[in-house]
Amino acid sequence: MEGLQYGQNVQFTACHLSTDLAQTGHFTCSDKRVNRLQQNIQWSQRDNFVDIPTDCPQRSERLGWTGDVTAFCPTAAFNENIMPFMTKWLRDLASELGPDVSMPQVVPNILGNQQDGAAFWGDVVTVLPWTLYRAYGDKRILQHSYDSMKHWVEFVESQCGENGLWQTGFQYGDWLGLDAEANALGDERKGATDDYFTTNVCFAWSLQILADTAAVLQYTEDAHRWSRRREELVRAFRAEYVTPTGRLVSETQTALILALHFDMVPDEYRPRLLAALEKNIGAHKTHLLTGFIGTPFACLTLSENGRHDLAGRLLLQEDDPSWLYEVKMGATTIWERWNSLDENGQISSTGMNSLNHYSYGAILEWMYRHLAGLQPLTPGFTSVHIEPTPVWKLRRLDCSYRSAAGLWAVQWQCADANTLTLAVTVPFGCTAELILPNW
C-alpha cells in the first residue's frame, strides 16, 4: 500500500481463513434480525476455529481459552461437524496436564500455572467430551478423555474443605455479567453472583458428567463413586447456599438460573426460585444481566420450566443489552460483552473488548432445541424427541441438522392465529417422538 493517497480507491480481495469443517446446521425464520444473529454466530465460530478454538481472531491474544468452549460447544456441534477438530484439541489439552497442572485456562498453555484451576474454564475437560459423545454417538471420545476428566475432578476434590465445598482460590465467576456493581470484590469484569456458588454448581455438573461417563464405559465402581460424591456435594451446597425457606443467599439472575438448571435445590423450592427469576428479569425490563456462566443456560432454563414465552421475549429484545441489539448496531459477529458498543456506536471504554467472540452465541442451542424442538434421546441422534415450541412473533421457521445418523429437519408456519403447519423429516433407521405444540 506504499504511496497511496488519502481518499484513493483501492481494489482488494479479502480471504477468509478457517479450519475446513462441514456445516451441519441450518436455521432460518421469518425475522431477518434473528437470521442475521444466526449468521453472526456461525461466522464467529468459523473465524475462531483455526486449528484451535480461539476466543477472538483479531486482537493480539488469540488464545484457546477453555471457558469459551465450555459455554459454546453444544452450539458449535449443531453448526458444524466439530468432532475431528475438538478431538485433536482434547489431545492438546491432555498433553498439558500433569502432577503440577490441574487444568490450564488456555490450550496450548502459554500462561503457566498462574492461570490454573478455575471452575467453568476447567470444566471444559468434562463438558466437551460429553457434548461430543451426545452429538456424535462415539464413546471412544469418552474413553480417550476419561483420564483427563478424572484428573480435573480429583483436583477439584483436593481443593474442597471439611464441608465438602470448593471455596478457595481465584475464580472467574460469572465473567462479564452486567450486575458487577453489586460484586463485593469490586471487579467490574465479574458479575455479582458469588464466585464459589458458581464454582460448586460447576463441580456438581462435572461430577454428574463423570458418573455418566463411567457408566457408559462400564466402570461401575467409578460411576457409583462419582454419583455418591455429587449427592454429598448437593447436600453441602444446600446447607451453605439455600435457606430453610428456599431462598438463595444471592438471588442474581445467574444464581437462580444455575440452581434451577442443574437441580441444586429441592423440588418444592423450584416455583419460588422461578418466580424470583421472572421478577428479576422483569425488574430489568426483560433484559439479562448474566455473564459467561449464566447466559448459556438462561433461555434453556426458562423453557424447561414453563416460561418459554419469556425466553422468546429475551431473544427478540432489541435494546441494550440483548442479542438483537448487536444486530441493530450492525454486528456481523458476536460480541465479547453485551455492551461492546454504546447507543452511539462507540466502542466501550472498558480495557478488554472484542467484537468477534462466540461465547454468547450459545443462544443458538436453545433455538435448535426449543424453537425447532430437536432434543436427542440417544447419543448420535439415532432417536430424537421433537417438540417444537413456537414463539408466535416468528411466523415461520425452517431448521435442519445433518447428524451422524442422517438429516433431521423441522419446519413450522403460522398461517393465522388458529393454524400451525408442521413438517418433520426423520432419517432412515431412526426413531422420533413427536409432541405437538399446545396451540
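Colleague: Where is Leu-436 found?

Modeller: In this predicted model, Leu-436 is found in the segment after β9, which spans residues 431–434.

Colleague: Why does Leu-436 count as exposed?

Modeller: Its relative accessibility is 59%, and exposed means over 50%, so Leu-436 counts as exposed. Leu-436 also belongs to a nonpolar surface patch of about 320 Å², made together with Val-424, Val-426 and Leu-434.

Colleague: What makes the pair of Phe-49 and Phe-85 stacked?

Modeller: A pair of aromatic rings is described by the distance of the centres and the angle of the planes. The centres of Phe-49 and Phe-85 are 4.7 Å apart and their planes stand at 10°. Centres within 6.5 Å make a pair, and planes under 30 degrees apart count as stacked; the pair is therefore stacked. By this rule the count comes to 30 aromatic pairs.

Colleague: Why is the pair of Phe-49 and Phe-85 said to tie together parts apart in sequence?

Modeller: Phe-49 lies in strand β2 (residues 49–50) and Phe-85 in helix α3 (residues 83–96), so the parts that they tie together are 36 residues apart in sequence. Both Phe-49 and Phe-85 are buried.

Colleague: What makes Phe-78 and Phe-381 an edge-to-face pair?

Modeller: Their rings are 6.1 Å apart, centre to centre, with 80° between the planes. The distance is within 6.5 Å and the angle is over 60 degrees, so the pair is edge-to-face. Phe-78 lies in helix α2 (residues 66–79), whereas Phe-381 lies in the loop between β4 (374–376) and β5 (383–386); the pair therefore ties together parts that are 303 residues apart in sequence.

Colleague: How do you know whether Phe-78 is buried or exposed?

Modeller: The relative accessible area of Phe-78 is 3%. Buried means under 20%, so Phe-78 is buried. Phe-381 is also buried, with a relative accessible area of 3%.

Colleague: Why is Asp-51 called partly exposed?

Modeller: Asp-51 has a relative accessible area of 46%. Asp-51 is found in the loop between β2 and β3 (52–53), and has a positive phi of about 70° although it is not a glycine.

Colleague: What is the position of the charged end of Arg-46?

Modeller: The charged end of Arg-46 sits over the ring of Trp-43, at 4.7 Å from the ring centre.

Technical notes:
Residues numbered from 1 in each chain as written. Predicted model: local features only at pLDDT ≥ 70, side-chain atom pairs only at ≥ 80, totals over all residues. Heavy atoms only, no water. Phe/Tyr/Trp six-rings, centres within 6.5 Å; stacked < 30°, edge-to-face > 60°. Helix = DSSP H or I, 4+ residues; strand = E, 2+ residues; numbered from the N terminus. Buried < 20%, exposed > 50% of the residue type's maximum accessible area, 1.4 Å probe, protein only. Lys NZ or Arg CZ within 6 Å of the ring centre and 35° of its normal. Patch = residues over 30% accessible without salt bridge, like charges linked within 9 Å, V, L, I, M, F, W, Y side chains within 5 Å. Areas by Shrake-Rupley, 256 points an atom, 1.4 Å probe, with all protein chains shown as cover. Salt bridge = Lys/Arg side-chain N within 4 Å of Asp/Glu carboxyl O.
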